[in-house]
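Take a moment with the sequence and the model before reading on. The text below walks through a few parts in turn.

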Amino acid sequence: MKMKHLMAASALLAASTLPVAHAGATLDAVKAKGFVQCGVSTGLPGFSAANDKGQWTGLDVDVCRAVAAAVFGDASKVKFTPLTAKERFTALQSGEIDMLSRNTTWTLTRDTNLGLNFAGVNYYDGQGFMVHKSLGVKSAKELDGAAICIRAGTTTELNLADYFRSNGMKYQAITYDTSDESVKGFEAGRCDVLTSDQSQLYALRIKLKDPNSAMVLPEVISKEPLGPVVRNGDEDWLKVVRWSLFAMINAEEMGVTSKNVDQVRKTTKDPGKQRLLGLSGIKGQGLKLSDDWSYNIIKQVGNYGEAFERNVGMGSPLKIARGLNALWSKGGIQYAPPIR
Amino acid sequence: MSESSVQQEYAPGTHPDWDPPVTEVGVIGWLRENLFSNWWNSLLTLLGIYLAYLIFVPLIDWAVVHADWSGDTRDACTSGGACWVFVKVRLGQFLYGFYPADQVWRVNLTGALFALLILWLTLPRIPYKRVAGVLGLVVFPVVAYFLLHGGSFGLSEVETTKWGGLTLTLVLAVVGIVAAFPLGILLALGRRSEMPIVRALSVAYIELWRGVPLITVLFMSSVMLPLFLPEGVNFDKLLRALIGIILFQASYIAEVVRGGLQAIPKGQYEAADALGLNYGKKMILIILPQALKLVIPGIVNTFNELFKDTTLVLIIGLLDLLAIIKAALEDPNWLGYSIEGYVFAGAVFWIFCFGMSRYSQALERKLHTGHKR
């Protein structure tokens, strides 16, 4: 808690002392230096992690790559700064990075007090529960009196307390310092339930000796919309990041993928797809980018669905279902304003 | 030949012409004397053997017998023991971080130069230690900087954000040690100085830096410092961390060295004064050689701690050996091999720390000039 106050104080200080960035300054600076400096997590399975070859991969990483593709037509023109949760906002405020794509929850406080702007939501997360299958529990409502493993000092702890109080249930919290320890505790039977953000529960489940012995319950007890963040006061850059993400979501909605984008671009008569690929309409002009900005994103990074499946979905070891992150037309809430 | 002489009596087993009984010498004798001298020692020995059996048999079974060594993916790990494939696949990253693969020779060359210098300095047989000292303290840092960082002499630039793994750990530790040591000596002398302002400043410095945890220093350097600089003015995160570590460690070295200075008898100072030596000569020729020799264990202890403390940089997102292993554990393809990763990290740290402590013991023996009680 203390740390949080310190953070908020330092952030406020930053917001008040730093000169307001000129609109467009970041985009121009990025274009001048030739790459996007992007802050990512030092390691979060499926969102940002270095692979065997030392390349950063993940859903958050793909947002950075999409922005690079939009600005430079080359998704590889991005440099990653691995950041811890504590230093992420300072790195952005101080200009060390151009954008932050690090599983950051969009909240009122962060949006207003920190001098930051959230550009969108690339993953709707929420706190969930993982239980031993042998327990025979099918819903979180049946967890009265359960022993629950949890990481200390996180908002998950507060959400948990709220949820159990509002449902009139009791629980016993068993706190651990790291997620590795909490998994070991869960495995050793110290607790019946492990709680964390759902996206992380799937990763924690793989760490079990026998992942099939545990299951993730359907209930989600908190809202954690995660998205890319930029500095306040630079609308041009905000829009570039925001619409890079929207382009990915729109592409999925229209069924344009990295595989068929060339063909669609040549043959499509659909005015929506033509606008998406910069063949008609406002093209890249509004964003001060080249007309093929969205084509480059789709071609090099893929649409949102592709990025999701590749990094956290069925094409990855995590096998997270789309759930809330399905398109609005398919039962989820991923929705992007139209490109027109 | 005196028939009348009385037959000399010997206690059993003590006759000078006979071999001692087999139960008193050799392996069996040693065992009897050290492990089975009486019934409770025998009991403790057996208990110890049983405990060792309980610990080491499963450990060796896990780490060697049932371990997987070959392959490139987690599918290769089927035997149920340690999955060293994980460490093998990631070894390049653990050693060099994200240093470009085609430039890794630069790190290797730097490491080789460093190893040569260390050998030169530590092996007693090789002469010209002074040359090695100058090379190590003056020439090597410059060469190492240009080799590792590049950007000139036709070498491509490799930003410090790409440094990582063992390379980064060693850079932090070596630079920290080499820079903090002289600063610490100066502070120790300052604290014992007769000039009030120098003394007060030294005391204030030492107490300030000793009073804060290293993690706070690193956090300040990484999170707070950039806020006080104008926007767009950033200096390297690694450099910030290094400065923090140096300033922090210098205060600890200072106190260790001060302990040595206090242990030198007053007569030595007075003798130096009587010889007409000025302050610098007195310290360099008489006092410091004796004082530093006395505190070798303390200094090496501090260095050892510093080496391990470098892992704290993971809270500011610098990927040193431990942090890069932790990062690798978050790769969805390698989830769940934390034990292998941490065992590897522990082994590497142990090798370096053990090496340092052996060297310090050798140094103590070599510099032992008969004052030891």
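Is strand β13 (residues 224–231) of chain A largely enclosed by the rest of the structure or exposed? Keep in mind that this is a predicted model. Strand β13 of chain A is largely enclosed, because 7 of its 8 residues are buried.

Next come the pairings of this strand. Strand β5 (residues 99–105) of chain A runs antiparallel to β13(A), and 3 bridges join them. Here A:Leu100 stands opposite A:Val229. Strand β6 (residues 116–118) of chain A is also antiparallel to β13(A), again with 3 bridges. A:Asn117 has A:Val230 as its bridge partner. Strand β7 (residues 123–125) of chain A pairs with β13(A) over 3 bridges, in the antiparallel sense. In that pairing, A:Asp125 faces A:Glu224.

Now step back to the domains. Chain A is assigned domain 1 (2–124 + 224–330) and domain 2 (127–216). Taken over C-alpha atoms, the centres of these two domains are 31 Å apart. Domain 1 of chain A gives 9 residues to the contact, and domain 2 of chain A gives 6. On the domain 1 side, 6 of the residues are nonpolar, 1 is polar and 2 are charged.

Turn to chain B for a pair of helices. Helix α6 (residues 165–191) of chain B packs against helix α12 (residues 296–309) of chain B at an angle of about 145 degrees. Their axes lie 9 Å apart. The crossing of α6(B) and α12(B) is right-handed. From α6(B) come B:Ala173, B:Gly176 and B:Ile177, which meet B:Phe303, B:Leu306 and B:Phe307 of α12(B). The residues of this contact comprise 5 nonpolar, 1 polar and no charged.

Key
Residues numbered from 1 in each chain as written. Chains lettered and ligands numbered in written order. Predicted model: local features only at pLDDT ≥ 70, side-chain atom pairs only at ≥ 80, totals over all residues. Domains from an automatic or database assignment. Contact = placed C-beta atoms within 7 Å. Nonpolar A, V, L, I, M, F, W, Y, C, P; charged D, E, K, R; others polar. Axes fitted to C-alpha atoms, helices over the stretch in contact; angles between N-to-C directions. Helix = DSSP H or I, 4+ residues; strand = E, 2+ residues; numbered from the N terminus. Left-handed = near helix turned anticlockwise from the far one by under 90°. Buried ≥ 20, exposed ≤ 12 C-beta atoms within 10 Å, placed from the backbone. Pairing = 2+ DSSP bridges.
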